[in-house]
Amino acid sequence: MHELSVVQSLLETIESYAAEQKATTVTKVIVRNGPLSGIVPHLLRTTFDTFKEKTIAEDAELVIGETPLQIHCHDCKQEAQTMVLRFACPLCGSRNVDARGGDDLILERLEMDVDDDPY
Amino acid sequence: MCTECGCGSKGHLEIIEVEEKILAANDERARHNRETLDGHGICGINLMSSPGAGKTTLLERTIELLDSKFELGVIEGDPETDRDAERIRARGVPVHQITTGQACHLDAAMLHEAMHQLPLGTIDLLFVENVGNLVCPAAFELGTHLNVVLLSITEGDDKPAKYPTVFRKADLLLTKTDLLPYTDFNIEKAIREARVLNPQMKIFQLSAKTGEGMKEWIGNLHHKISKNYF
Ligand SMILES: Nc1nc2c(ncn2[C@@H]2O[C@H](COP(=O)(O)OP(=O)(O)OP(=O)(O)O)[C@@H](O)[C@H]2O)c(=O)[nH]1
Ligand SMILES: [Mg+2]
Ligand SMILES: [Zn+2]
Ligand SMILES: [Zn+2]
């Protein structure tokens, strides 16, 4: 369950961006999960929703974008994309392939409310 | 918009394009660890596997077989006990135990602290035995030069396909090959599926019990340390 460490790191990053902007609340957190990151989106979401309480991201919505696995087939010489973690060519079925794709979970974008004139 | 006191001050929605790895802070600490290792001329190797694949046994055999002109150090990540550390200490090798408790992986900060408990000045080769777990350790770079994943014959040949993340970033050590006659483990299949994820992967097959294949493993370590090739 390393999703916990990941969420702690994510919340630290959010806090520091929010402080920099003097935000009152963070409303949206948009991340992109690589197919080979080893992170389970569902677990990430439950962990985030548990640990965001009493932080600046308390009311934030977590949006998890998933990126496809890239398959390069050595037999039919085609490039293909698939959302399923299956290491075979979706076009010809060959298992003689290379699999590529993101290894990382990326924080893409933050949306936050900022007071223009807090005084 | 201020709705609290009616002062009329307006707020706005700020959108920040961050585009940053969420574990960037760990990566940064891992880079620092790498600099520390390089500064002392130490080759660092991170051993990962599911529980019981044979990491500590491999370390015991490696200590016996490694040329005595090279000095070893070991860092053990173990949930509760210091049994693995004791097994290494019994062989006269400096070892530091990280008790990980509920944590399912080591991270770069834990390794950093542990490294400074060892006599870095005298060590040539530092092994890190990660927590027995095929999933979580893979997400956390430690800063070692090499990641090695051990897959024991009794775990089944489908593990590279089922746990792709860890096999993506590591060399492969098929362990307990003495048990091949008793299982339906298909070595070619395991290797083929691992190479799909990591075509450059180096692969060793060995039995720490019979010693089969240990020569290649030790030879590779000698090569790395003596040539400073890591
Ligand atoms: N047959 C056989 N058994 C082995 C071999 N290597 C290790 N074992 C056995 O496998 C069991 C687990 O070995 P360990 O070396 O403790 O495994 P580990 O990966 O360090 O285990 P954890 O630290 O608990 O994750 C022990 O009973 C070992 O004796 C081998 O090459 N052949
Ligand atoms: Mg062990
Ligand atoms: Zn975990
Ligand atoms: Zn194909």
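Guide: A polar contact is a pair of N or O atoms within 3.5 Å. Keep that cut-off in mind. The model here is predicted.

Visitor: How far is an oxygen atom of ligand 1 from an N or O atom in the side chain of Thr56(B)?

Guide: The distance is 2.8 Å.

Visitor: What is the distance from ligand 1 to the side chain of Glu129(B), and which atom of the ligand takes part?

Guide: An oxygen atom of ligand 1 takes part, 2.9 Å from an N or O atom in the side chain of Glu129(B).

Visitor: How many residues are around ligand 1, and which come nearest?

Guide: There are 17 residues around the ligand. Lys55(B), Thr56(B), Thr57(B), Glu129(B) and Asp178(B) come nearest.

Visitor: Now helices. At what angle do α2 and α8 of chain B pack?

Guide: Start with the rule: angles of 65 to 115 degrees count as roughly perpendicular. Helix α2(B), residues 55–65, and helix α8(B), residues 214–226, pack at about 70 degrees. Their axes are 11 Å apart. So α2(B) is roughly perpendicular to α8(B). The crossing is right-handed.

Visitor: Which residues of α2(B) and α8(B) meet?

Guide: From α2(B) come Leu58(B), Arg61(B), Thr62(B) and Leu65(B). From α8(B) come Met214(B), Trp217(B), Ile218(B) and Leu221(B). By class, this contact has six nonpolar residues, one polar and one charged.

Visitor: Is α1(B) roughly parallel or roughly perpendicular to α4(B)?

Guide: Angles under 35 degrees count as roughly parallel. Helix α1(B), residues 24–39, packs with helix α4(B), residues 108–115, at about 30 degrees, with the axes 8 Å apart. Therefore α1(B) is roughly parallel to α4(B). Their crossing is left-handed.

Visitor: Which residues of α4(B) take part in meeting α1(B)?

Guide: Ala108(B), Ala109(B), Leu111(B), His112(B) and Met115(B) do. Their partners in α1(B) include Asn26(B), Arg29(B) and Leu37(B). The contact of α1(B) with α4(B) divides into six nonpolar residues, five polar and one charged.

Visitor: And in chain A, at what angle do α1 and α2 cross?

Guide: Helix α1(A), residues 3–21, and helix α2(A), residues 41–51, cross at roughly 55 degrees. Their axes come within 9 Å. That angle makes α1(A) oblique to α2(A). The crossing is right-handed.

Visitor: What classes of residue make up the contact of α1(A) with α2(A)?

Guide: First, the residues. Among them, Val7(A), Leu11(A) and Ile14(A) are in α1(A), with Leu44(A), Phe48(A) and Phe51(A) in α2(A). The contact divides into 10 nonpolar, one polar and one charged.

Definitions and conventions
Residues numbered from 1 in each chain as written. Chains lettered and ligands numbered in written order. Predicted model: local features only at pLDDT ≥ 70, side-chain atom pairs only at ≥ 80, totals over all residues. Heavy atoms only, no water. Axes fitted to C-alpha atoms, helices over the stretch in contact; angles between N-to-C directions. Helix = DSSP H or I, 4+ residues; strand = E, 2+ residues; numbered from the N terminus. Parallel < 35°, antiparallel > 145°, perpendicular 65-115°, else oblique. Left-handed = near helix turned anticlockwise from the far one by under 90°. Contact = heavy atoms within 4.5 Å. Nonpolar A, V, L, I, M, F, W, Y, C, P; charged D, E, K, R; others polar. Near = heavy atom within 4 Å. Polar contact = N/O pair within 3.5 Å; in protein donor to acceptor, adjacent residues only side chain to side chain.
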